[in-house]
Amino acid sequence: LSDGTRVVAPVIVGADGPRSLVGRAIGSVNRVFSHTRQITVPLVKPHFATDIFLSRTMPGGYGWLFPKGGVANLGLGVDAPARGLLRVLLEGLQASLVREGRIRSEVLAITGGLIPAGGLLPPTGRLGVRDVLLAGDACGLTNPVTGAGIASAVISGRMAGEAAVARLAGDAAAPADYAEEIADLFGPALARAARRRAEIVAACAETRAGPAELERAWIAFDDYWTRPFDQIEAPTTSGVAA
């Protein structure tokens, strides 16, 4: 610690975010990220739904308008190579909504962040004789498509705490049980999301990301859940921005 005190723990829980130092120590490292930028803007009139904006100009990500009473969070995320376009893309989305009379031009706050987007990492490891458990962003539990990670962080954090208590009580299998439970609970959904994200990033890079590909990469559409990963789809008309 800063005062020179050395703390030695028999079990370490790494809940230290996308660039987890604990995860790096055991070789579980997030390497795929989405970069985000968000502003808070006044609404012209009340709005009671979250709007999602899909476009090939936002590879590996999307835009959102999230109302909160008289204001809304307006933001977007993109794959790491496109992070230099975040400001321009967000300003363009903001301008279009101002022209439509939906929001005002004032910016009340601005923020941004890094979101793991590569899927599940190995959630356990060892540092010498110490067991290590990772939770939340540290083991890649953020959904690669939606960026949602609060619920999985809370759930995995509780599970990691329970596993740590069990390990301290003498249950040597507790870390392995934790890893199995994490994989069972989150693994399939994260694997699908990581694959869909990789598909749309590749499609955007090859300038073949039309409405059909954008729909296939977003969880609200049936194609996200039902289409085989290797099936090529013909363009359709859908109202999704391309």
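Tutor: We begin with one side chain: that of Thr-142 makes a polar contact with the side chain of Asp-137, at 2.4 Å. A polar contact is a pair of N or O atoms within 3.5 Å; within protein, one must be able to donate a hydrogen and the other to accept it, and residues adjacent in sequence count only if both atoms are side-chain atoms. The model is predicted, so that local features need pLDDT of at least 70 and side-chain atom pairs count only at pLDDT 80 or more, while totals for chains, interfaces and linings use all residues. Residues are numbered from 1 along each chain as its sequence is written, and side-chain values use heavy atoms, with hydrogens and water left out.

Thr-142 is located in the loop between β8 and α3 (helices, H or I, have at least four residues and strands, E, at least two; both are DSSP runs numbered from the N terminus). Because its relative accessibility is 2%, Thr-142 counts as buried (under 20% relative accessible area; exposed is over 50% and partly exposed lies in between, with a 1.4 Å probe and protein chains only). Apart from neighbours within four places in sequence, Thr-142 is in contact (heavy atoms within 4.5 Å) with Ile-115, Pro-116, Asp-137, Gly-147, Ala-148, Gly-149 and Leu-190.

Several of these names return at the largest pocket. Of the 36 residues in its lining, Tyr-62, Ile-115, Thr-146, Gly-147 and Ala-148 lie nearest its centre. A pocket is an open set of points on a 1 Å grid over the protein atoms alone, with protein on both sides within 12 Å along at least five of seven lines; a cavity is a set where a 1.4 Å probe fits but cannot get out, and lining residues have an atom within 4 Å of a point.

The volume of the largest pocket is about 750 Å³, counted as the space filled by probe spheres set on points joined across faces, edges and corners. β2 (33-42), β4 (63-68), β5 (71-79), β6 (109-116), α3 and α4 each give two or more residues to its lining; the largest share, five residues, is that of β6. By class, this lining has 18 nonpolar residues, 17 polar and one charged (Ala, Val, Leu, Ile, Met, Phe, Trp, Tyr, Cys and Pro count as nonpolar, Asp, Glu, Lys and Arg as charged, and the others, Gly among them, as polar).

The structure also holds two cavities of 30 Å³ or more. The largest cavity has a volume of about 110 Å³.
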